[in-house]
Amino acid sequence: MNILITTIFDYPHEGGLSTHVATLKNGLEARGHNVDVLSFSQLNPLLRKAYAQAPGFIASKFKPGSGQLMNDENRMTLIRKQLERMKNDYDVINSQDVYATLAAESSGLPVVETVHGYYSYEAISRGAIKEGSKEDLVIREKEKKAYTLASRVVTVDQRIKDYVYKIAGVSATAIRNFIDVEDFNPLKLDLSGIRKEFGIPEDKKMLFVPRRMTEKNGVIYPTLALRKVLDKHPDTVLVYAGTGEQMPAIKEEVAKQGLGDNVMLLGTVAHEKMKYLYGVADVVLVPSIHSYGVEEATSISALEAMGSSSPVIAGAVGGLKEIIADHEDGILVQERDTDALSNAIIEVLDSPGLGDQLALSARRKIEREYSHLFAAEKYEQIYHEAINDQRVKVE
């Protein structure tokens, strides 16, 4: 099968969607399929800047939120034009966002849309649009139209599946996120030089936050929880890998509490390097929260950490509650509860044996339930269904 994965976003980029695409591509190719990716990054750089970036930036100066809508629609137009040139080379399109689905409408190819979250709510959460605004209402209508147009809809957890049915009456298939299990196997990695490479002290316990710095990821809470941890374990360093709009708030809190010697902000880290950082972390933190109706899906960061045999402490929200069994293969804490987060970190640091047991159980779960090859087989079946449906329509 010749498969085209499409998105109006950059690829590769920082975040779960990009990781999902790369891992799915690898899984499908391992099963013998040809897979290409068409993203905003593959388009002509002059067109990207002049047509799909600058106008929205200017529009947002006059009316907050209007630029987001303009940029998304202009990206959609550019992707649509590129698809017109490429459509004869593929059997099916797997779109990764609402606007990529709409861009494929005129291609004549069957489209399977993967829904990673709540498009309008996530735009509100990151401050791109205002709830109840004209832009919010337009985007919600675009969501509904895209889910209806797609030949098949896949969601990355059950809650998003319910959401798609609620707003569009479309029955989706839930396929939870996944990882390349062997790629994150710590027994196959040389971890000896990774701390030195990133300047992480060898003599300190490492708390690792592998998160894009957006509000729903709850990234401020590890910093808020750190002082209590340091009172019990002063030989601890909190390491962030990611960027985003919450970075200034974290820097401000670090300065306010005088935590400069115990917090490291690595910025963007290449995905290939992340598995090594998971491997040397003493605890991985995924402190997600509810934000404007948005909940964490089946977190790829949490799956990667669990696959790396690292103990995980996560917010008890959304898909994290689906993949982590509290005190069996990770620890769940109440969202936004700084004391609960501090106490959970101290519990693991106080008892290395507990951390080892959580990590071992987590690795076993990932091996059983979250393999990218297993997920690729499920996607393959859905692609065949979409192609067969398209043939019936044509006949």
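Strand 7 (residues 205-209) and strand 8 (residues 236-240) run parallel and are joined by five bridges. Helices (H or I, at least four residues) and strands (E, at least two) are DSSP runs, numbered from the N terminus, and two strands pair if DSSP finds at least two bridges between them. The model is predicted: local features need pLDDT of at least 70, side-chain atom pairs count only at pLDDT 80 or more, and totals for chains, interfaces and linings use all residues. Residues are numbered from 1 along each chain as its sequence is written, and side-chain values use heavy atoms, with hydrogens and water left out.

- Lys-205 has Thr-236 of strand 8 opposite it.
- The open sheet consists of six strands in the order 9-8-7-10-11-12, and the pairing is parallel.
- Strand 9 (263-265) and strand 12 (331-333) are the edge strands, each pairing on one side only.
- On average, neighbouring strands of this sheet are turned by 20° against each other, direction ignored. Axes are lines fitted to C-alpha atoms, for helices over the stretch in contact, and angles run from 0 to 180 degrees between N-to-C directions.
- Helix 12 (residues 271-280) packs on the sheet and touches strand 7 and strand 10 (283-286). Contact means heavy atoms within 4.5 Å. The direction of helix 12 makes about 140° with that of strand 7.
- Helix 15 also packs on the sheet, where it touches strand 7, strand 8, strand 10, strand 11 (312-315) and strand 12. The direction of helix 15 makes about 160° with that of strand 12.

**Helix pairs**

- Helix 10 (residues 220-232) and helix 11 (residues 247-257) have axes that come within 9 Å and cross at roughly 10°.
- Helix 10 and helix 11 are therefore roughly parallel to each other. Angles under 35 degrees count as roughly parallel, over 145 as roughly antiparallel, 65 to 115 as roughly perpendicular and the rest as oblique.
- In this contact, Ile-220, Thr-223, Leu-224 and Arg-227 of helix 10 meet Ala-249, Ile-250, Glu-253, Val-254 and Gln-257 of helix 11.
- The contact of helix 10 with helix 11 has five nonpolar, two polar and two charged residues. Ala, Val, Leu, Ile, Met, Phe, Trp, Tyr, Cys and Pro count as nonpolar, Asp, Glu, Lys and Arg as charged, and the others, Gly among them, as polar.
- The axes of helix 15 (residues 338-350) and helix 16 (residues 352-369) cross at roughly 100° and come within 5 Å.
- Glu-347, Val-348, Leu-349 and Asp-350 of helix 15 make the contact with Pro-352, Leu-354 and Gly-355 of helix 16.
- Four nonpolar, one polar and two charged residues make up the contact of helix 15 with helix 16.

- Six strands form an open sheet in the order 2-1-3-4-5-6, with parallel pairing.
- Its edge strands, each pairing on one side only, are strand 2 (34-38) and strand 6 (173-174).
- Three bridges pair strand 3 (residues 92-95) with strand 4 (residues 111-115) in the parallel sense.
- Asn-94 has Val-112 in strand 4 as its bridge partner.

**Domains**

- The chain is assigned a domain 1 (2-178 + 371-393) and a domain 2 (186-370). Domain bounds come from an automatic or database domain assignment.
- The centres of domain 1 and domain 2, taken over C-alpha atoms, are 29 Å apart.
- Domain 1 gives 23 residues to the contact and domain 2 gives 26 residues.
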